[in-house]
Amino acid sequence: MANVTDPLIAQVSGSDPQNLMEYLTRQRLYDSRYWKETCFGLTVKDVLLESSHSKNCVAIGHLQFLALTLKLLQLHPDTDAVALSFVQQADFK
């Protein structure tokens, strides 16, 4: 199954980070067209780029925001790298 978190990531956190989001919400996101077309093969860099295309969360839309959040939970990136990438973006502050 492609929507499973890497086992090494689960060991670092103590449990699967995707479980922070409710089960039914996760299943709806996995079944959505946006997840299948856009989020399925994204890397951390791609997720950050996709999230920076709009000025705020309302412009993205609720489904897209939740899908990108779930993808970040699935990838479990380094917090410093994510924070640094948002700080360095002058256009999206």
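Read along the sequence, the protein chain follows the pattern α-α-α-α-α-α-α, with seven helices and zero strands; helices (H or I, at least four residues) and strands (E, at least two) are DSSP runs numbered from the N terminus. The model is predicted, so local features need pLDDT of at least 70 and side-chain atom pairs count only at pLDDT 80 or more, while totals for chains, interfaces and linings use all residues. Residues are numbered from 1 along each chain as its sequence is written, and side-chain values use heavy atoms, with hydrogens and water left out.

Of the 93 residues, 32% count as buried, a term that denotes under 20% relative accessible area, against over 50% for exposed and partly exposed in between (1.4 Å probe, protein chains only). Among contacts (heavy atoms within 4.5 Å) with a separation of 6 or more, 72% link residues 24 or more positions apart.

The largest nonpolar core has eleven residues: Met21, Leu29, Tyr30, Tyr34, Trp35, Cys39, Leu42, Val47, Ala67, Leu68 and Leu70. Such a core is a set of buried Ala, Val, Leu, Ile, Met, Phe, Trp, Tyr and Cys residues joined through side-chain atoms within 4.5 Å. Helices α2 (23–31), α3 (33–39) and α6 (62–75) each supply at least two residues of this core.

The axes of α2 and α6 come within 10 Å and cross at roughly 105°; axes are lines fitted to C-alpha atoms, for helices over the stretch in contact, and angles run from 0 to 180 degrees between N-to-C directions. The two helices are therefore roughly perpendicular to each other, the class for angles of 65 to 115 degrees. Here Thr25, Arg26, Leu29 and Tyr30 in α2 meet Leu63, Leu66, Ala67 and Leu70 in α6.

Tyr34 lies in helix α3 and counts as buried because its relative accessibility is 14%. Leaving aside residues up to four places away in sequence, Tyr34 touches Cys39, Glu50, Leu63, Gln64, Ala67 and Leu68. Tyr34 and Leu63 are 29 residues apart in sequence, yet 8.0 Å apart in space, C-alpha to C-alpha.

In helix α4 (residues 44–51), Val47, Leu48 and Ser51 are buried. They lie on the same side of α4 because they cover an arc of only 95° around the axis, taken from the directions from the helix axis to the C-beta atoms. On the other side of α4, Lys45 and Leu49 are exposed. Val47 touches Leu42, Leu68, Lys71, Leu72 and Leu75, again not counting residues up to four places away in sequence.

Key:
Parallel < 35°, antiparallel > 145°, perpendicular 65-115°, else oblique.
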